[in-house]
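Visitor: I have a chain to look at and some questions about it. Can you put it on screen?
Guide: Here it is.

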Amino acid sequence: MSECIQLSFAVCRIGIYTCFRALCCKGPPPPRPEYDLVCIGLSGSGKTSLLSQLCSESAENIVSTTGFSIKAVPFQNAILNVKELGGADNIRKYWSRYYQGSQGVIFVLDSASSEDDLETARNELHSALQHPQLCTLPFLILANHQDKPAARSVQEIKKYFELEPLARGKRWILKPCSLDDMEAVKDSFSLLINLLEERDFEPSRM
């Protein structure tokens, strides 16, 4: 009988030790990877509002970015350091000065904009897709303002922007979005993070 008591006590001690190790000796979680992204698009496309919402910032008093701003956007499996560039006419010509070091691109367009603005956005996206510092990077293209009556569908934008022939062979995602559905926006960013992670595991180019 005493042997059974000793055995039970030993098992109990092992159980207590295991629980103690699990509760007190567990190391900190591994750090989340960080990626540096550039966010571009015309003024009024909604870049600042989308990023502010992703950072849980107040939607009040949001002002369009005139130069550039940087936000650390947290996700469960990564942190995105997003450099947002102003989209005014006199600023867009300087965008390329801020491309260096980027690991991915976010392009936001107003899907309910005028034909002239949509044409300008098309030209800017084509320029970015072909720029030497961006052409090999993953692109997330957000067709914003889908909640507006005049919003064009993703299929219309894909055709108008000639994305299939232009971006063939590149890693890009085109998604509809609006401030009314931030969960969909987060899902779009999660797809971009997947592309960034895949890029991390690619063999180094010599």
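This is a predicted model: local features need pLDDT of at least 70, side-chain atom pairs count only at pLDDT 80 or more; totals for chains, interfaces and linings use all residues.

Visitor: How many helices and strands does the chain have?
Guide: The chain has seven helices and six strands.

Visitor: And in what order do the elements run from the N terminus?
Guide: They run α-β-α-β-β-α-β-α-β-α-α-β-α.

Visitor: What share of the residues count as buried?
Guide: Of the 206 residues in the chain, 40% count as buried. The accessible surface comes to about 12200 Å², and 53% of that surface belongs to carbon and sulfur atoms.

Visitor: What share of the contacts comes from residues 24 or more positions apart?
Guide: Among contacts with a separation of 6 or more, such residues account for 73%.

Visitor: Let's go to one residue. Where is Leu 142 found?
Guide: Leu 142 is in strand S5.

Visitor: Buried or exposed?
Guide: Leu 142 counts as buried, because its relative accessibility is 1% and the cut-off for buried is under 20%.

Visitor: Which residues is Leu 142 in contact with?
Guide: Leaving aside neighbours within four places in sequence, the partners of Leu 142 include Leu 50, Ile 106, Phe 107, Val 108 and Leu 109. Lys 175, Cys 177, Ser 188 and Phe 189 are also in contact with Leu 142. As for Gly 41, this residue is 101 residues from Leu 142 along the chain, and the two C-alpha atoms are separated by 9.7 Å.

Visitor: Switching to annotation. Where does UniProt place the feature "binding site"?
Guide: The UniProt record, an unreviewed entry, places that feature at Thr 48 and Thr 65.

Visitor: Where does each of Thr 48 and Thr 65 lie?
Guide: Thr 48 lies in helix H2, residues 47-54. Thr 65 lies in the loop between H2 and strand S2 (68-74).

Visitor: Are they buried or exposed?
Guide: Thr 48 is buried, with a relative accessible area of 14%. Thr 65 is buried too, with a value of 15%.

Visitor: What does Thr 65 touch?
Guide: Not counting residues up to four places away in sequence, Thr 65 touches Thr 48, Glu 84, Gly 86 and Gly 87. That puts the two annotated threonines in contact with each other.

Visitor: Now charges. How many salt bridges does the structure hold?
Guide: There are eight salt bridges. One of them joins the side chains of Lys 71 and Glu 57, at 2.9 Å from N to O. That pair links distant parts of the chain, with Lys 71 in strand S2 and Glu 57 in the loop between H2 and S2, 14 residues apart.

Visitor: And how accessible are Lys 71 and Glu 57?
Guide: Lys 71 is buried, with a relative accessible area of 16%. Glu 57 counts as partly exposed, at 35%.

Visitor: What about Arg 152 and Glu 115?
Guide: Their side chains meet in a salt bridge of 3.2 Å, N to O. This pair also links distant parts of the chain: Arg 152 is in the loop between strand S5 (139-144) and helix H5 (154-160), and Glu 115 is in helix H4 (residues 115-130), 37 residues away. Arg 152 counts as buried at 16% relative accessibility, while Glu 115 counts as partly exposed at 48%.

Visitor: Which residue does Lys 158 form a salt bridge with?
Guide: The partner is Glu 164, and the closest N and O atoms are 3.7 Å apart.

Visitor: Last topic, the surface. Which residues make the nonpolar patch?
Guide: Phe 68, Ile 70, Tyr 94 and Tyr 98 make a nonpolar surface patch of about 380 Å².

Visitor: Where is the place of Tyr 94?
Guide: Tyr 94 is in the loop between helix H3 (89-92) and strand S4 (104-110). Tyr 94 is partly exposed, with a relative accessible area of 34%.

How values were computed:
Residues are numbered from 1 along each chain as its sequence is written. Side-chain values use heavy atoms; hydrogens and water are left out. Helices (H or I, at least four residues) and strands (E, at least two) are DSSP runs, numbered from the N terminus. Buried means under 20% relative accessible area, exposed over 50%, partly exposed in between (1.4 Å probe, protein chains only). Contact means heavy atoms within 4.5 Å. Accessible areas come from the Shrake-Rupley method with a 1.4 Å probe; for residues, only the protein chains shown count as cover. Patches are made of residues with over 30% relative accessible area and no salt bridge: like charges are joined within 9 Å, nonpolar side chains (Val, Leu, Ile, Met, Phe, Trp, Tyr) within 5 Å. A salt bridge is a side-chain nitrogen of Lys or Arg within 4 Å of a carboxyl oxygen of Asp or Glu. UniProt positions are given in the numbering used here, feature names are shortened, and annotations may be inferred rather than shown by experiment.
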